[in-house]
Amino acid sequence: GYSKDEIIKMGSLSIPVLIHPDDFPKIEKYFQKTILSGEQIFEIEFRLKHKNGDWKWFSNRSTFLEQETGAKKTLNIVKEITKIKNLEESF
């Protein structure tokens, strides 16, 4: 729900403001794991605050792609899964 300019204006505050407080430690561990692990694919589910104040669930799947130079580039596939999570919670 935020524009690119709004996120840029938030600066370093965007992370603690937009990430659900319960998910922040999980996200920190996720990034540590992706950096330190030899695994190729990583997945995580987390909540972000929408501009209207609602929390939306997202799934992020990351993989490393090796470049011709030997450097690694990260590919992330992110999708909103709020409806799925709400359905799961209703059972």
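Me: Which residues are linked with D23 in a network of salt bridges?
Reply: K26 and R47 are linked with D23 in that network. Bear in mind that this is a predicted model.

Me: How far apart are the closest N and O atoms of D23 and K26?
Reply: They are 3.8 Å apart. The pair counts as a salt bridge because the cut-off is 4 Å.

Me: And R47 with D23, what's the distance there?
Reply: The closest N and O atoms of that salt bridge are 2.9 Å apart. This pair links distant parts of the chain. R47 sits in strand 1, and D23 lies in the loop between helix 2 and helix 3. They are 24 residues apart.

Me: Is D23 buried or exposed?
Reply: D23 is buried, at 3% relative accessibility. R47 is buried too.

Me: What about K26, what is its relative accessible area?
Reply: It is 35%. K26 therefore counts as partly exposed, since that class runs between 20% and 50%.

Me: How many salt bridges does the count come to?
Reply: Six. One of them joins the side chains of K85 and E45, at 2.9 Å from N to O.

Me: Where do K85 and E45 sit?
Reply: K85 is in helix 4, residues 82–89. E45 is in strand 1.

Me: Which one is buried, and which is partly exposed?
Reply: K85 is buried, at 13% relative accessibility. That follows because buried means under 20%. E45 is partly exposed, with a relative accessible area of 33%.

Me: Switching to pockets. How much space lies in the largest pocket?
Reply: About 260 Å³.

Me: How many residues line it, and which lie nearest the centre?
Reply: The largest pocket has 15 lining residues. Y2, L18, L48, K49 and F58 lie nearest its centre.

Me: Which helices and strands each supply at least two residues of that lining?
Reply: Helix 2 (14–18) and helix 3 (24–36) do. So do strand 1 (41–49) and strand 2 (55–66).

Me: Where does the largest share come from?
Reply: From helix 2, with three residues of the lining.

Me: What's the lining like by class?
Reply: Eight residues are nonpolar, three are polar and four are charged.

Terms used
Residues are numbered from 1 along each chain as its sequence is written. This is a predicted model: local features need pLDDT of at least 70, side-chain atom pairs count only at pLDDT 80 or more; totals for chains, interfaces and linings use all residues. Side-chain values use heavy atoms; hydrogens and water are left out. On a 1 Å grid over the protein atoms alone, a cavity is a set of points where a 1.4 Å probe fits but cannot get out, and a pocket is an open set with protein on both sides within 12 Å along at least five of seven lines; lining residues have an atom within 4 Å of a point. Grid points are joined across faces, edges and corners, and a volume is the space filled by probe spheres set on the points. Helices (H or I, at least four residues) and strands (E, at least two) are DSSP runs, numbered from the N terminus. Ala, Val, Leu, Ile, Met, Phe, Trp, Tyr, Cys and Pro count as nonpolar, Asp, Glu, Lys and Arg as charged, and the others, Gly among them, as polar. Buried means under 20% relative accessible area, exposed over 50%, partly exposed in between (1.4 Å probe, protein chains only).
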